[in-house]
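Here's a quick briefing to read alongside the structure. It starts with the contact between the chains, then turns to one helix and to confidence.

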Amino acid sequence: MTADRLQRCNPSAWQYLGAYYFGLRDTRIFDPPENHYLLAAPKPDLSAMNGHKLRVEIEAEKSRSAIPCPWLFEPVNVQNFADYLFNSHDFERACAEYKRLYFLSTDKRIKKYAQLMMGESYLANKEFKNALLTFSNLDDSGFIDLKRYNQARIYLELGEYQTARQTLFLIKDTNLLRLTQILIGWSYFREKNFASGAMIFNSLTDDSLLNNLIYFTGQNLSKRSRLISTTLSTILPGLGQIYSGRLGDGLYSLLTIATTTTITLYYWQNDQSKVKFSIFAFLTGLFWLGNIYGANIAARDFNEYQQNNYLAKIEEILNRIDLKPNYQFLLTQ
Amino acid sequence: MILFILLVFGLDSNTKQSFLLSFADSLYSVEDYFASATEYERFLYYFPTDSNSDYARLKLCLSYLKANEPTKAEKTFGELEKTFSSYSRNAQLALAKYYIQSNNYYRAKTKITELISYASSDSNEVQKLNRLLGRIALAEFDFQQAENYFTLSSDSIALKEIQNLKRLPRKSPMLASILSTILPGTGEIYSGHYWTGIGAFLVNGLSIAGIVYSVNKKNYIDATLIFSIFFSRFYLGSRQNAFDFANKSNEDLFRRRTKILIDSFN
């Protein structure tokens with residue numbers, strides 16, 4: 001790995017900034033080794049959180065006596081202000097106001113609205129754990145599908161695509177059908193399973209915006225085989241990198257290994273003690289192995305980069321959709 | 001605590017407006033800035049055209065700054081500016097001070113220059129603003145500029161200190177670099193890094209010895225390898241180190257010395 005990193009440390013690295021390297025530190029490219037492990041790091045286990053005993057966020061109703069300015073605590077006023085905060089994207093404060101609404105209101109439906117909006121505020125503020133807990137606390141009666149839908153949205157954000165789909169498949173509410181389909185498709189897209197994702201959107205062709213997504217089947221996505229890349233670099237150092245679209249790295253590796261090989265051959269003939277020969281032979285071997293490793297990683301990075309770009313194009317469309325269900329019906333009746 | 005504040009401030013006034021505002025003010029006074037910002041927001045939401053709304057906007061801006069939410073504070077300041085309120089200058093000054101605290105000197109300078117350009121003939125206020133600009137120049141180690149600003153604000157103590165700062169012995173990065181070019185290691189020693197200097201001298205000496213030895217043995221490949229792998233790196237590295245160390249030593253010295261003066265402003 002070190003040998004691979006040494007070879008990748010060349011002037012052409014600047015070309016790959018944003019594609020294969022991310023971030024700068026002190027005017028240098030910042031490239032932590034964990035980006036280049038052959039095996040990806042294990043994901044944190046979320047199942048522990050799901051089994052967690054649900055924390056009741058809000059205490060039970062307490063007495064409402066001795067309120068000095070009752071007008072201020074009228075649920076409808078609190079709700080209006082909370083909605084205003086939510087719409088002006090001050091989600092942290094909105095969440096606090098929805099908690100207040102939940103506490104003050106005696107109407108079950110408004111209480112439910114407050115709870116749902118609390119979850120929405122957490123979600124918008126990217127506090128996924130709290131959002132999940134809030135939605136999970138939701139009373140099931142009559143709202144089971146809404147609860148499932150919202151839980152699935154959070155699973156999608158947390159990268160639990162399987163769980164998200166499993167939850168979404170249970171939804172039967174016809175009002176949520178369109179949003180559910182979108183989320184299922186999105187989860188496939190996030191998994192880089194573009195064909196399945198595009199297929200889901202085939203059934204939503206009446207929407208002109210979503211209609212664009214059926215063409216993102218991933219067929220025209222350019223791909224590099226890791227096996228071919230590795231084999232090429234085994235035969236000729238740097239060839240795998242060139243195959244994976246990294247000309248600079250490939251040429252630099254070729255130059256490095258060609259130089260060390262030449263020196264090794266020179267010492268094979270001119271060094272009686274063979275000490276220098278051994279050192280350079282070792283170095284050549286090390287760099288060559290590093291190069292093979294690098295070629296494998298380069299092909300993987302190429303594929304990831306292409307897929308991420310592709311996904312970004314898809315999400316540009318998907319992000320325009322408002323995934324928040326309409327909760328107004330809870331207030332009107 | 002909050003209930004107590006509610007009772008104290010809430011019961012003696014009858015109107016909703018003053019109740020809300022006094023509650024917000026009391027939260028502000030007990031330094032719960034997150035909550036006070038919410039209450040000022042609430043006041044402005046219900047009574048956007050109240051006679052006290054500009055005051056509430058100023059306090060909202062201040063609360064946001066204290067709660068470390070500068071984007072929202074800027075937004076509130078923008079609303080305050082639209083109403084041509086006299087409070088907008090207070091808000092702008094608060095923003096400038098916030099930016100100074102968070103080392104965002106560029107923004108702070110823009111705010112203060114704007115304030116100066118709109119300032120009335122009140123020389124006292126202009127002096128205060130120039131003093132702030134001087135403090136920024138000081139933090140950026142621009143002593144000439146700082147001297148100019150402190151002259152404008154006629155701050156004799158600060159001016160005296162600036163004279164001392166200008167006379168401080170400083171290391172020349174150029175000289176350090178030249179010294180290390182002539183004899184590797186000397187530049188680092190000049191900049192105060194003795195052990196690095198001695199180390200640089202030794203590794204450079206050893207690689208030169210290696211090169212000379214190889215050339216004497218007519219082993220030119222070895223000599224080239226030692227030159228390209230070791231010597232060129234050590235030699236250029238030593239020069240760069242000498243330059244960096246001299247700069248860093250100056251900065252450390254300035255930081256130590258200006259800290260006392262800057263602290264006196266806060």
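In this predicted model, chain B puts 21 residues into the contact and chain A puts in 20. Between them, the two chains bury about 2,000 Å², with carbon and sulfur atoms giving 65% of that area. B:Arg42, B:Tyr45 and B:Tyr46 are the trio to look at: they supply 28% of the area that chain B buries against chain A, more than any other three residues.

**Across the interface**
- Five salt bridges are counted between chain B and chain A.
- One pairs A:Arg100 with B:Glu39, whose closest N and O atoms sit 3.8 Å apart.
- On the chain B side, helix 2, helix 3 and helix 14 (220-265) each give two or more residues.
- Helix 3 of chain B gives the most to that side, with eight residues.

**Helix 4 of chain B**
- Helix 4 (residues 53-66) has 14 residues and reaches 20 Å between its end C-alphas, close to the 20 Å expected.
- It's largely enclosed by the rest of the structure, because 11 of its 14 residues are buried.
- Among the buried ones are B:Leu58, B:Cys61 and B:Tyr64.
- Their cover includes helix 4 (91-104) of chain A, plus helices 2, 3, 5 and 6 of chain B.
- Just after the helix, B:Asn68 takes a positive phi of about 65°.

**Confidence**
- Chain B has a mean pLDDT of 87, and 94% of its residues reach 70 or more.
- Residues 6-14 of chain B fall below 50, and this stretch has 11 contacts beyond near neighbours in sequence.
- The model scores ipTM 0.71 and pTM 0.73.

Terms used:
Residues are numbered from 1 along each chain as its sequence is written. Chains are lettered from A and ligands numbered from 1 in the order in which they are written. This is a predicted model: local features need pLDDT of at least 70, side-chain atom pairs count only at pLDDT 80 or more; totals for chains, interfaces and linings use all residues. Side-chain values use heavy atoms; hydrogens and water are left out. Helices (H or I, at least four residues) and strands (E, at least two) are DSSP runs, numbered from the N terminus. The expected span of a helix is 1.5 Å times one less than its number of residues. Buried means under 20% relative accessible area, exposed over 50%, partly exposed in between (1.4 Å probe, protein chains only). Contact means heavy atoms within 4.5 Å. pLDDT is the predictor's confidence in each residue, from 0 to 100. Buried area is the accessible area (1.4 Å probe) that two parts lose on being put together, summed over both. A salt bridge is a side-chain nitrogen of Lys or Arg within 4 Å of a carboxyl oxygen of Asp or Glu.
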